[in-house]
Amino acid sequence: MKSSMFEGLSAFPLTPMLQGEIDEKAFISLIGNLAAAGVNSIGALGSTGSYAYLTIEQRARAAKLATENANGIPVMVGIGAIRYEDVLKVTEDAQNAGVSAVMLAPVSYQTPTAEEVYALYENVSKYLSVPLCIYDNPATTGFEFSDELLIEVAKLPTVGSIKLTRLPEDIPTAKERISFLRQQIPESISVGIGGDWRATTGLSAGCNAWYSIIGGLFPRTALDIVNAVQSGDIKRAEMLSRALEPLWQLFRAYGSLRVMATIAELFNYVESPCLPFPLRSLTGDALHRLELIQEDLRNLQ
């Protein structure tokens, strides 16, 4: 039986910064918006949440703020770090904050081997009292899981979900990969999709969850897509996703974090600049491209 923690829409909010510290007022407001929308879970301190740029103390504070303001909605936080000892510390802090799950990407300065990645997950699992989501995100870590490694890590007793960021673009081929994984991993483990422009494909091909970037600012729009797929209306889900293609293009060109941060600043959800230095929100031609679709984005919820 799969946990509902790892199904439906998991919305990943920004962690807005203000002069090097978490803008707690803005962060609480973003979490409150997700709770009011009724998302299935909240993915605080993911890549969209800039976890790798925060101190251990800031990460502990963000985990506490997220759980305290989620209104009972399950919260998952990222625990990745370069130092293994830091991974254990943020894991301890997250569990003390009352999170319902943690998510681990194999963050490393030197690209790790498959054996090293397996050892990381195996060791961290020993310290967990909550389920773990495996995060395969080669765009940020430089390490791409093979399906064989995913299957081996998924056999660890604490694993509850796999977050994929890469899938074949057509539904039949994507369905083949997901079906292959499902035949090899425990039945209790969900398979989720990240990479928002692939979400409709992933959900239609059998993914249980959408680990969503736009869901962090526009949860109701993301829920519309999830609900359409879950009700069997794939055409509607594809139509909703196609309407967001100008946004997906910006994600692919400039990175989803910078795009979402710029939208949050333009709409006054956060103060500017909200990204951890030296990251910057969009400027120049990139900002102009975003401004061209600004009014369409204002219609999102």
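Me: Before we start, what should I know about the numbers?
Reply: Residues are numbered from 1 along each chain as its sequence is written, and side-chain values use heavy atoms, with hydrogens and water left out. Since the model is predicted, local features need pLDDT of at least 70 and side-chain atom pairs count only at pLDDT 80 or more, while totals for chains, interfaces and linings use all residues.

Me: How many disulfides are there?
Reply: The count is zero, where a disulfide is a pair of cysteine sulfur atoms within 2.5 Å. Cys-207 is in no disulfide, and its nearest cysteine sulfur, which belongs to Cys-133, is 11 Å away.

Me: Is Cys-207 buried or exposed?
Reply: Cys-207 is buried, with a relative accessible area of 7%, and Cys-274 is buried as well, at 2%. Buried means under 20% relative accessible area, exposed over 50%, and partly exposed in between, using a 1.4 Å probe and protein chains only.

Me: Ok, new topic: which residues have the most contacts inside the largest nonpolar core?
Reply: They are Val-77, Trp-210 and Ile-263, in a core of 111 residues. A nonpolar core is a set of buried Ala, Val, Leu, Ile, Met, Phe, Trp, Tyr and Cys residues joined through side-chain atoms within 4.5 Å.

Me: And what is Trp-210 in contact with?
Reply: Leaving aside neighbours within four places in sequence, the contacts of Trp-210 include Gly-8, Leu-9, Ile-193, Leu-203 and Val-226, where contact means heavy atoms within 4.5 Å.

Me: How many salt bridges does the search find?
Reply: A search of the whole structure finds ten, a salt bridge being a side-chain nitrogen of Lys or Arg within 4 Å of a carboxyl oxygen of Asp or Glu. One of them joins Arg-61 and Glu-24, at 2.9 Å from N to O.

Me: Where do Arg-61 and Glu-24 lie?
Reply: Arg-61 lies in helix α2 (residues 56-68) and Glu-24 in helix α1 (residues 24-37), so the pair ties together parts that are 37 residues apart in sequence. Helices (H or I, at least four residues) and strands (E, at least two) are DSSP runs, numbered from the N terminus. Arg-61 is partly exposed at 33%, and Glu-24 is partly exposed at 29%.

Me: What about Glu-295, which partner does it have?
Reply: Glu-295 forms a salt bridge with Arg-298, with the closest N and O atoms 3.7 Å apart. The two are three residues apart in helix α14 (residues 294-298), so about one helical turn separates them.
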